[in-house]
Each structure stands twice: as structure tokens, then as C-alpha cells.
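Hello,

Here is the structure I promised to pass on. My notes follow below it.

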Amino acid sequence: MKTIYKRPEVFTDAVTTYCGGCGHGIVGKLIAELIDEMGLQENGIMVWPIGCSCLSDRYYKMDMMMALHGRAPAVATGIKRADPSKFVMVYQGDGDLVSEGMAEIMHAAIRGENFSVIFINNAIYGMTGAQMAPTTLMGQKASTAPTGRMEDNSGYPVKMAEILAQLPGVVYSERVTVNTPSRINACKRALKKAFQLQLSGHPGMSFVEVLSPCPTGWSMSPIKSLEWIDEEMTQVFPLGVMKDVEKGGTEA
Amino acid sequence: MGEKVFMQGNQAMAESAIRAGCKLFFGYPITPSSEVPEYYARAMRERPEENITFIQAETEVAAFNMVAGAVATGHRAMTATSGPGFSLGQETMSYMAAADLPAVIVEIMRAGPADGEILAAQGDYFQAVKGGGHGDYNNLVLAPYSVQELCDLIQESFALAEKYHNPVILLSDATLAKMRESVELPGRTEVPVPAEQYNALRGCGKDKEPHKVVTCGDGPIQWGQFNERLQAKFKRIKEHEVRYETYQLEDADIILVAYGSMARVCQSAMNMAREEGLKVGMIRPISLWPFPEKAFEGIVGKKFLVCELSAGQMVEDVKLSVENKRDVSFFGKLGGTTPSPKVILEQIRKMGGAK
Amino acid sequence: MGKLEIDFDRCKECGYCIKFCPKGVLSKGTKVNKKSYYPPVVGEGCIACGTCARVCPDTAISVYKDE
């Protein structure tokens, strides 16, 4: 029999603590596949955030560093500047990247730090109990926005892939999602592109934003959460390549 | 080695750090520390063979975290800041102690609280020594009192940080930072191989055990054990790294206790007092954590005068050292003014009853 | 033609594999696992396309194909 698919080798045996249907599980798996395929275990260091994915040290046989909330891009800057030969991957959620760590991601991008950033956008704070995120949609309910996000109090959701695409230090910015098999494949292609840019020594930051289902945070079934991404999230956060330096300039 | 130069504290310290193999500096400009990042910035461009990297971080929060990432790879790295920036870095201080990271943090005190004044003060003692960050942790804190000591102690700081896998704070102040003194610049020290450093992040490959810096707990039992391991680390530092200097204690009636630039003032005051026939000595803590309690052992029947550029912070540790059973007085100055030795002498005279 | 192996205790019953299988090979199971989830049962007709494994957030499905 030919093996079509089995668990990536870089994974440990641990069962994740993610909820059933969580996008972290899907993206985490794609990252594991790429680590195996591209040989990143040899020279790679992952920097992980505070959030639902904070227990990721259990899942990978990789050198990794847990950062304080929001600080992963700064920690990664220290690692990569100390040893530019290392492959450095930064993984963050919406609280980590857009809120607590807004200064860190912006300035790492401004400086054009040569690492790959994977941003999991599920429009809610999962780990701490479904509070509002800077990416929560208008009218979307959260425990700190019980009547839904409202403009007078909380402004509008933040579109990081677009914002970062405007910075010269960012060489790649794409928004993808994982709510169908073909989109999961597209997500993997985007991650691979981001990793390849770093490995090729092309200076600058590569950034992939993933719209990710959070069934628990959104109070819906996993299947419904996949639908909600199409019904609501992609209206506010359009999918696509915002910037690809290899294709010259911005591409919508 | 052996070059004698007339050099500013901040710059001499930066040069000594470079010679200690610290080629990575991450920092945010803040008076009175800015000469340190500036020195590194110039060295990066003027001495390319040294492979120096200077990054001006966006905030002190980022700078401290960059240092954390850099030292995690086994390379020497540091930052330098002042009170407001040091306050910002406190979450990261807690993190680095927990994560066994050998960071070197230079804190150059100025007069707080808040934005305050840019002149020398010692009001950050509590924050540095007692730990301004959350949780149970300690940092080795060293307090130089001259440009020479700045240079010698910064080099030792890297070795000590690596020895104990813990951050080391070099607690300086605006006067030491900006003053120029004759100093013998230290030579280059032997720098350990980064990849061989304790648990350095290097990419594990398929055959090595991965190294993971994990600072969140896995239930109270595991986290309790994690804390016990940290406490054992701090206990080792406490046992081995007490440093202090004593001056003319044997026949002294009054003993001054001071550190940093205030110790220079007190040293002059002590000498002036001696010229008047007053028997004055001094204890100068060099390690503020661990505090040199044993310097006070067995000294009875004398009066201690603790002098600080603050409302009284180290004086609490002096009182603890003597179990509050001996005569401890305090003289402090706030606002960024450093008193002249005559002012201290006046205090001594009042205490001694003479003249 | 295709063979699936479900890692029984890894499954969290999200339902993605059942939804996306193009041949309707998978359906909701009736046996509960250690985490109180009901992993899917595998029926006939698997073509080893790998879609179920593609969508599973827990890598609970391995896919094999007859040569």
C-alpha cells in the first residue's frame, strides 16, 4: 500500500488542546508538513505566542521560544540578528499580534526583519474566554462586547495584511483561510512561499494572515464556523496576495 | 589591555562590553544612557571586522525582548536604559529570570518618579533589587562606583549571567554615566561558543533533543517544582556572589553605608571627618542583590548612617541585616541633587556630637 | 482502492472529514473515545484522495492507497 497521508514526523505524539475544528490545528499541521518537506527542523527556531497556541511546545520536536504576550517579533528579532543563519518562524494570534504586540510587529516589519510571520486571525480572544479582539467584526458579540462590537467604543476591525503590505520592509503579505480543502492547500502554498523567501536570503519580512475558525469563541458548531468565514469574515478581510516583491509592487 | 584613557563612564563601559564579546546591543535612547547605544551604533559602522549589531528598538519593552531572544541563542547581548525604560522592561525581567536567560541589563538611574529629572538618583533600588516584575524571582545586581568599576563589572556581568543562567543588572547612575575618569580599559575576554551555551536555541535537527524556552505552567504541581528550581538557582547566587568593600571600620564610631556615586561623596566625607579627628568608616555594598548582610556581622556599638539619593530604600536592607537591633540613621536627597561631602560631614558631626 | 486509519482518541468530532469526503465514505460514529467524542466510522468506496486527512485539524486520519 502507498501512503497518501500520515502524521508529519516533526509532530510529537501529543494530542493538541485545541477545540474540535480549530483553525490552529489545521495551520499547525501545515507548518509541520512544511518543516518535514523543507528540512526546517535542522536549523529552525519557532517563536510562539500567548494564546490558544501557547502550548505548542508540546506538539513539535523543534527548538522553540515562548514569548511574552505580543513580543514574539521582538524576540525573533533578537534571535535572527544574533544568528542570521537560523530559520526563524513567528506564530501569533490576533490578541498577540494586533493588540499587545502592535508596536513589535509594525517595527519588525519597518526594519524588514528577515523572518516569516504566521498570523492566526479568528476575530476573538479564544484562550481567555472569547473577549473582543481588534479584529472582531462590527456587531460581532464577545464577552467584552456583549451587545456586539460598536464603533463609538471600539472602532473598526484591523486589517493587518493590508497595513503591513504598505511597508517597504515587508516582501510578502497574503491573506488566506482554511475553510475548504482547496483553501487549505492555498494556505500551505502561501506558508511555503513565505518560508522560501526567508530561506532564499531575500531580505525582509514575509507575512501570512490566516482567517481561522473558532467554533467555541463564536458559539457555533465547527461546520457552521467554516460557513461563517465565508458569510462574514471574508467580506471584511478579503483573501488574496497584498504584496509579492517577486512580482513587483502590490497585487490585490 | 593596560591602556589608560580618560573616558566617559557610558562610553568606557560600552567599549568594555564590546571587548567582553558583547556584539549585540538593543536599546532605546533615554537620558542618561544614550551614549551607550550611540557608541555601539558607531562601532557597528566603523569596526565592521567586529561584527557588531546595534538595533534601535521601538520601545524598551521591545529592546528587553530582543536581548532575551539574542541571549537565548547563546550570544552575549545587552541593553542600557534609565528608570522609565527599566520600568517598562519589568515584565521581561520576570520572564528572563524564569527562562534562565543570561541577559545583561544596564540600569542608569535618574531622579524619579515619573519622567522626573535626568540627574543622578538612587530611587530604583527597590525595583532592581527586590524585583520590579511579577512573581518570585531575583536578579544579581552589581553597583559600580567609578568608571573603572563600570568597565570591570560589565565584563564580569556577562560571565556571571552565563554562570547562573540568570539576568544580571548593572545598576549605575547619571553621574557615573557622564563623568570622565582615568580608566584602564580591560582587555578582551574569552567568549564561550554560542551553540555550546546552556540550552542555546540552535536548531535541533532529527537527532538532538529540542530545546524549548517555556515560561507558562502545566498545572500547580509542575509550576511549583519549576519555581523550586528557580529558587535553588537564586540561592546559589546568594551563596557565592556577595561583594562589598569596607573602609576603616575597626576603630570607627560612625559607619557610612552607601553605593554608587553616593559612595564617592561619602568616601570624601569620611576622609574629611578623619582629618577632623572623627572616627568614621564606610561599608560600600557592590552586590545589592545578594545584599552583603555579612558585612554588618559583629559590628556592635557603632552608629550606621545610610546615605542614599532617595527617600530611603537600601536603608531597609541595612536594618534587616542588623535585625533592626542597632543604631541605623538615614540621610537622603531627592530630586536629582547630589549633596557635597560637606553636607554628609555635617550629618556625621551631628551624630558624633562633636564640634 | 483506498484505506483509512482513524486515530480513535485523537478525534474531536469536528465533522470536517464527513463534510468534505467526496464519496461520503465517512459517517458519524457511535462509539465514544476517551475525550467523549464520537470519531467517524469508515464505510466503502474510499478513493484515497486524501481530502479527509487534508481537512482534519488533528491529523487523526492516515490515508493509504492500493498500488
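Which helix of chain B does B:Gln267 lie in? B:Gln267 lies in helix H10 of chain B. Helices here are DSSP runs of H or I with at least four residues, strands are runs of E with at least two, and both are numbered from the N terminus.

Before the rest, some housekeeping. This is a predicted model: local features need pLDDT of at least 70, side-chain atom pairs count only at pLDDT 80 or more, and totals for chains, interfaces and linings use all residues. Residues are numbered from 1 along each chain as its sequence is written, while chains are lettered from A and ligands numbered from 1 in the order in which they are written.

Chain B

B:Gln267 is partly exposed, with 19 other C-beta atoms within 10 Å. The scale: buried takes 20 or more such atoms, exposed 12 or fewer, and partly exposed lies in between, with C-beta atoms placed from the backbone. B:Arg284 is 17 residues away from B:Gln267 along the chain, and their C-alpha atoms are separated by 9.4 Å.

Helix H12 (residues 341-352) of chain B has twelve residues. From first C-alpha to last, H12(B) reaches 16 Å, close to the 16 Å expected at 1.5 Å a residue (1.5 Å times one less than the number of residues). Its buried residues are B:Ile344, B:Leu345 and B:Ile348. They cover an arc of only 105 degrees around the axis, so they sit on the same side of H12(B). That arc is taken from the directions from the helix axis to the C-beta atoms. Their cover includes helix H10 (260-275) and strand S12 (280-285) of chain B.

Chains A and C

21 residues of chain A are in contact with 25 residues of chain C (contact: C-beta atoms, placed from the backbone, within 7 Å). S1(A) gives the largest share of the chain A side, four residues.

S1(A) also pairs with strand S4 (residues 61-65) of chain C, antiparallel, over three bridges. Strands pair if DSSP finds at least two bridges between them. A:Lys2 stands opposite C:Lys65. A:Tyr5 has C:Val63 as its bridge partner.

Best wishes

Definitions and conventions. Two residues are in contact if their C-beta atoms, placed from the backbone, lie within 7 Å.
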